[in-house]
Amino acid sequence: VPEESIRLMAEYFTPRTDLEMGVRAGGVQPLTAEQLAEVGETPESVARMSEAALGDVVARYVARNPDWAERRR
């Protein structure tokens, strides 16, 4: 496997924020802090949310950015 592929895979699977760690564990696609800001949230605000509420945040983001969901599949 080319070294570049290994690096990209490691980068993808390494959570960049505490939110991503929690969201990935919950099975919801991760959003970055910048993406959260688009729907009026912060990593701190979503850190206390239930899994259902996190799903709602992701759904709100996807409603604004439908092409993102396609890229994440």
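**Close-up views of a predicted model**

**View 1. The largest nonpolar core.** Leu31, Leu36, Val39, Val46, Leu54, Val57, Val58, Tyr61 and Trp68, 9 residues in all, form the largest nonpolar core, a term for buried Ala, Val, Leu, Ile, Met, Phe, Trp, Tyr and Cys residues joined through side-chain atoms within 4.5 Å. Helix α5 (residues 51-64) gives the largest share of this core, 4 residues; helices are DSSP runs of H or I with at least four residues, numbered from the N terminus. This is a predicted model, in which local features need pLDDT of at least 70 and side-chain atom pairs count only at pLDDT 80 or more, while totals for chains, interfaces and linings use all residues. Residues are numbered from 1 along each chain as its sequence is written, and side-chain values use heavy atoms, with hydrogens and water left out.

**View 2. Surroundings of Val57.** Leaving aside residues up to four places away in sequence, Val57 touches Leu31, Leu36, Val39, Glu41, Val46 and Met49, where contact means heavy atoms within 4.5 Å.

**View 3. Glu41, Asp56 and Arg60 in a network of salt bridges.** A salt bridge requires a side-chain nitrogen of Lys or Arg within 4 Å of a carboxyl oxygen of Asp or Glu. Glu41 pairs in this way with Arg60, their closest N and O atoms being 3.1 Å apart; the pair links distant parts of the chain, 19 residues apart, with Glu41 in the loop between α3 (33-38) and α4 (43-47) and Arg60 in helix α5. Arg60 also forms a salt bridge with Asp56 (3.5 Å, N to O), and these two residues both lie in helix α5, 4 residues apart, about one turn of the helix. Glu41 is buried at 14% relative accessibility, whereas Arg60 is partly exposed at 30% and Asp56 is partly exposed at 40%; buried means under 20% relative accessible area, exposed over 50%, and partly exposed in between (1.4 Å probe, protein chains only).
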